[in-house]
Amino acid sequence: MSKPLKCSLCEEAATVHLAQVVHNKVTKVHLCEACAQKGGATDPAVFQLADALTSATQAAPTTTCPQCGFTDIDFRKRGRLGCPSCWEVFGDALGALLTKVQHEAEHVGRAPAGMLPTGQLRRRLDGARREMEQAVAAENFEVAARLRDEIAVLEQQLTPS
Amino acid sequence: MSVQDILDAESELTHLLGAQQAVVLSTRIRLARNLDGLPFPGWAKVPQRKEIAERCVEALTELPKFRRGHVLRMGELQDRDRAVLVERHLVSKELASGKSGASVISRDQTCSVMINEEDHLRIQVVKAGWHLRGTWHIAEQLDDDLGGRLKMAFSERLGYLTACPTNVGTGLRASAMVHLPGLCLAGHMDKVSRALNQDGLAVRGWLGEGTEAAGNIFQISNQQTLGLSEDAILKHLGGWIKNVVEQEWNARRKLAKDEGERFTDRLARSYGILRHARLLTSAESMNMLSHLRLACDMGCLPEELRHIVDRLMIEGQPAHVQARAGEELDSDGRDRRRASVVREALRDFPEVAAPTA
């Protein structure tokens, strides 16, 4: 076994190893996690996905999915989730990540047949009501009438049968 | 049903069952779906992955689209057969490298579903040429049919739940495989790539993620799947593809005009090599075939010969050459075999003429 490397700055055990090319020569630097953090050596672009969930220094899991046993540390390692329930369990941390990598943090597309996308219907209903008020205020009655019909359909769809 | 049947069959991309075109080789739709209440394949235990595979295969084989199709379990296939499937874009490298993955493929090879890849189900539909809406409608129909048989993991707020946060929501990846020799020769490809990246589209090589753009062929796809409707994603991609196709034609026409005889000469030289070479590497043949496809688009060769070029691009790949040979070939053997397949296919091609397009 080779001797564990020590941090170039503080003699702690080094866990972050950097290779840098300066003037065509490779320079290697070994850092402990604390010094690496301080120096900003953990490249945010590379670890963006995983770091959104846990900070780079964390060692023990803080959240575990009761359904499949997946932890925040597992996510950090893999960048993938364990099961559909994980989305609920890690919801808050994932929300921040989703706003970074996705267009919006809420779904506006298709839903399985029979699954009523109530959230979407409600949002559309709110929007239609606002638009109708504006149309009435602007005396644009043709548009207002179309919106009134749409609102009636949406309200009916939102009423449990 | 075996991989040999897939090689022997007349398929959408190799035999031009759909309408084929200049610039856009094919349109592809992919939907990521997962069964409710089961861990994602990367976290599932072996018996769970088995259960997932069985349930998915059963549901898929009931669908009319997959009647007389193929069910292939990766663990039962030879390395070479898995490589053929990857080269045909029927399965990903990731699926081919594992043992518990399976693939269900329609008879005409337009629809293929990967099971136990990163998600339980990856529904894929491909059409030759540029047919975004038509391809989407087939995928939508498959999704509906499958959704009627399997309960999918879905959240009202986040949409279809996937293993990776980059696929959640619609689970939709729409893409076009485009042939851009004009933009490459003119040195504009970096600029075009950057513009696409900045507007949320990914540009990849011929075999997807992390591959080089052999033969000036690129795959352009949407990156975001959440917060946009399927329709908005398709419109966004469609608008850009139209734009890229226009830019490609502008670049081609400018090259043809500026270079004059040298333009025709360049294409004719590639033709000469393909027609007479005794040893052809995979990369060399891709790049020469790219010139030949350009010649067909520009009227230097009859347009109706273009599908032969497209087929050679697919069948000239290493595992295809190997599988066709029926015996183990070394690298020189493959290059010899590839050259002979190409020579044979081009035997009746006329000479390369000056462009008319």
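## Helix packing, a buried strand and a chain contact

In this predicted model, helix α3 (residues 79-87) of chain B packs against helix α12 (residues 318-325) of chain B at an angle of about 130°, with the axes 8 Å apart. Because of that angle, α3(B) is oblique to α12(B); angles under 35 degrees count as roughly parallel, over 145 as roughly antiparallel, 65 to 115 as roughly perpendicular and the rest as oblique. Axes are lines fitted to C-alpha atoms, for helices over the stretch in contact, and angles run from 0 to 180 degrees between N-to-C directions. On the α3(B) side the contact is made by Arg80(B), Ala83(B), Val84(B) and Glu87(B), and on the α12(B) side by Ala319(B), His320(B), Gln322(B) and Ala323(B). Two residues are in contact if their C-beta atoms, placed from the backbone, lie within 7 Å.

Helices (H or I, at least four residues) and strands (E, at least two) are DSSP runs, numbered from the N terminus. Residues are numbered from 1 along each chain as its sequence is written, and chains are lettered from A and ligands numbered from 1 in the order in which they are written. Local features need pLDDT of at least 70, side-chain atom pairs count only at pLDDT 80 or more, and totals for chains, interfaces and linings use all residues.

Strand β5 (residues 121-128) of chain B is largely enclosed by the rest of the structure, because 8 of its 8 residues are buried. A residue is buried if 20 or more other C-beta atoms lie within 10 Å of its own, exposed if 12 or fewer, and partly exposed in between, with C-beta atoms placed from the backbone. In a regular strand the side chains alternate between the two faces of the sheet. In β5(B), Leu121(B), Ile123(B), Val125(B) and Lys127(B) lie on one side and Arg122(B), Gln124(B), Val126(B) and Ala128(B) on the other, all buried.

Two strands pair if DSSP finds at least two bridges between them.

| Strand of chain B | Bridges to β5(B) | Direction |
|---|---|---|
| β1 (residues 24-33) | 8 bridges | antiparallel |
| β4 (residues 111-115) | 5 bridges | antiparallel |

Leu31(B) has Ile123(B) as its bridge partner in β5(B), and Met114(B) stands opposite Arg122(B). The hairpin of β4(B) and β5(B) has 5 residues between the strands, and Asn116(B) there takes a positive phi near 65°.

Chain A comes to 7 helices and 2 strands, and buried residues make up 21% of its 161 residues. In the contact between the chains, 33 residues of chain B meet 30 residues of chain A. On the chain B side, α5 (132-147) and β6 (154-155) each supply at least two residues.
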